[in-house]
Amino acid sequence: MHWRRIVKPYATFDLLHRLTSNDVKEGKQRRRSNVEGVGSWGRWWWVHEIQLPRRRRSNLLSSGATSQATPPYVSTFTQLPIDIIIFPFRFSTKSSVTSTIREPLLENPTPRGGLRTIPFIIANESFEKVASFGLLPNMVVYLTREYRLDNVAAANVLFLWSAATNFLPIVGAVLADSYFGRYPMIGFGSIASLLGMILLWLTTVLPEARPPSCDEFAKDACVSATTAQLLLLYSSFGLMSIGAGGIRSSALAFGADQLDTGASSKNSGNLLQKFFSWYYVSVMAAVMVAMTCVVYIQDVVGWKVGFGVPVILMFLSTFSFFLASPFYYRVKVESSLLTRFFQVGVAAFKNRSVKLSSLRPNETYHVGKGSMLQAPSEKLRFLNKACLIRDTDQLHLTDGKALDPWSLCTVDQVEELKSLINITPLWSTGIMMSVASNQNSFIVLLVASMDRHITPSFEIPAGSFTMFMVLSLLVFVVLYNRVFLRLASAIIGKPVNPSLKQRMGSGLVLSIFATSALATVESVRRKVATEEGLLDGTGVVRMSAMWLLLYFVLIGFAEGLNAIGQNQFYYSELPKTMSSVAATLFGVSMAVANLAASLIISIVQLATERGGMESWVGDDINKGHYDYYFWVITCFSTLNFVYFLACSKAYGPCKGEGGDGASSRAVDEEISASS
């Protein structure tokens, strides 16, 4: 009886061995970087499954080669046409006449990756967060005071900067997965962010980089920033956005790669869970430090030191990342999910003349190897033409893949694109939620005109008030399951477990109340300022800024319901192969929200300053009507909630609704991530 060898890559490899030169013609060579867990071995390695007759298996066992053998066990098959160096293995008996030699993955004698690389990756992300988030809260003050930008122009600049910062990580993820890899992308992003922060710091050091102070002139006039000065400023913003796109797109996945280098590791799942938890904890802690310590330094010490601290932190971020370069495990670049989407669209267009049968047995679809899906769904049925096998289509006889992936796709590819299209309407409802929570540019101006003292000698910096939203979000995540759901269950008299769509809708309702509270507080503040005669936009009104905590608490709870619900919704509704896409969808909505907020404020300004009237969002916050602007945001949020109800009804039930797996698993992950 003859033996045969099946060359096939596995997630957990069946057998790892070195072949002699006689077998090079038969074996399928795979570079060591393709073999997960091989690490830095500088030889050619293959992954094989060897099928042997049971008689040969018995002879092998009698030779003493058992799974309890101490590595490396060397045995020579003199009866076979090649010599193989065999390592410890076990047998898996099949019902057929053959048995399979199976071997656990070998440990690398000089491993890469592992826990030792994680502190460097987390440090890189944490320092970057402290540096970037520490610049944002007070940036509107810097633009209006130092660069003579009006409030609307400064807000639009920050909206566009935030939009680029949230959108470019998606571009970075595509480039990292398709072309360059995660390590080069993080390294490039770190250097770009460092250069951007150095340029921004230079605007505070070099007098020629910004307009001169108004008091330097005999006349009571201020000179606006020149084109060159604005170009230097905007270049720093652009470099920091590019850097964020490189770091934030790949840091989390790159860290997971370090802990997933060996499929034989029994604790890999626990390690990944702990890594995700510590990653999010470190990011949240970094944001808190940025909104308190860095902002406080800017207010007390000044812009030079306040912008110099982020430069030092970003240098430490870059240095810590490159310090561990010899130990990182780097995954080889594979095909992009974006390419797979385009292939479905192109294949469906090429096959547009094909008529789909109403009877499933009459159609044959291209099913990927190991796929559980045998046929596409009936939703968006026209895309099913992309995976329909016609008479003219041919498949590879060896691996069953399509000869032309741009003419024939797998069922999995089609369903991936369908699932993304199906969730798009509900995804769009989160845009207005982000607009409501992203009014910090104006809120900083309002807080600066109010009494911020906690004690007679200490007052909270205006830029640090955003930390109350982060704190309320943390409190909500911690107390949601432990207190809120139990309290609701006790009041109603039965277990309460809201579905993902119910949580998302509840978050939208809370955002409506939050912007309503913000508009009401601003209306009272403006009335007090008018009564005190503060009509020039300067001075501090005798009204505590703590009244704005109502907005921050409500919007923080709204984020806890809607934003976290969105992420869990994407994770549970999209296929597992699209987990990376699910992780970036919320960032895309934030980027679009920044553009939408910039558009809304520009329209409000143009509509309200006609006929010589004072703009609602003018430079003088006491003469303007920022309360009217916040009521506009409230109206848009209310319309968005009605739109959400329509999209929710059209979408139908979510996977796992009713308390089964997906929803419960997502809640458990939320709790573990916060602990």
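Predicted model: local features only at pLDDT ≥ 70, side-chain atom pairs only at ≥ 80, totals over all residues.
## Ground rules

Local features here need pLDDT of at least 70, side-chain atom pairs count only at pLDDT 80 or more, and totals for chains, interfaces and linings use all residues. Residues are numbered from 1 along each chain as its sequence is written, and side-chain values use heavy atoms, with hydrogens and water left out.

## Nonpolar cores

Let's start inside. A nonpolar core is a set of buried Ala, Val, Leu, Ile, Met, Phe, Trp, Tyr and Cys residues joined through side-chain atoms within 4.5 Å; buried means under 20% relative accessible area, exposed over 50%, and partly exposed in between, with a 1.4 Å probe and protein chains only. The largest such core has 126 residues, of which Met139, Leu143, Phe237, Phe569 and Tyr629 touch the most other members. Helix H10 (residues 411-437) gives the most to this core, namely 12 residues. Helices are DSSP runs of H or I with at least four residues, strands are E runs of at least two, and both are numbered from the N terminus. Apart from this core lies another, of seven residues, including Ile121, Tyr183, Phe321 and Tyr328.

Which residues does phenylalanine 569 touch, leaving out those up to four places away in sequence? They are Ile423, Leu426, Leu500, Met504, Tyr651 and Cys654, where contact means heavy atoms within 4.5 Å. Cysteine 654 is itself buried, at 7% relative accessible area.

## Aromatic pairs

The model holds 30 aromatic pairs. Rings of Phe, Tyr and Trp (its six-membered ring) pair if their centres lie within 6.5 Å; planes under 30 degrees apart count as stacked, over 60 as edge-to-face and the rest as tilted. Phenylalanine 254 and phenylalanine 321 make a tilted pair, with 6.1 Å centre to centre and 55 degrees between the planes. Phenylalanine 254 belongs to helix H6 (residues 227-259) and phenylalanine 321 to helix H8 (residues 303-323), so the pair ties together parts 67 residues apart in sequence. Phenylalanine 254 is buried at 1% relative accessible area, and phenylalanine 321 is buried at 0%.

Phenylalanine 254 also pairs with tyrosine 328, edge-to-face, at 5.0 Å centre to centre and 70 degrees between the planes. This pair links distant parts of the chain, as tyrosine 328 sits in the loop between H8 and helix H9 (337-350), 74 residues from phenylalanine 254. Tyrosine 328 is buried, at 0% relative accessibility. Ring pairs join Tyr183, Phe254, Phe321, Phe322 and Tyr328 into a cluster.

## Charges over rings

A charge sits over a ring if NZ of Lys or CZ of Arg is within 6 Å of the ring centre and within 35 degrees of the ring normal. Arginine 352 has its charged end over the ring of phenylalanine 349, 4.1 Å from the centre. Lysine 379 does likewise over the ring of tyrosine 651, at 5.8 Å from the centre.

## Cysteines and a buried glutamine

How many disulfides does the structure hold? There are zero, a disulfide being a pair of cysteine sulfur atoms within 2.5 Å. For cysteine 409, the closest cysteine sulfur is that of cysteine 387, 7.9 Å away and too far for a bond. Cysteine 409 is buried, with 0% relative accessible area.

Glutamine 298, in helix H7 (residues 268-300), counts as buried at 3% relative accessibility. A polar atom of the glutamine 298 side chain lies 2.9 Å from the backbone oxygen of glycine 134.

Methods: Polar contact = N/O pair within 3.5 Å; in protein donor to acceptor, adjacent residues only side chain to side chain.
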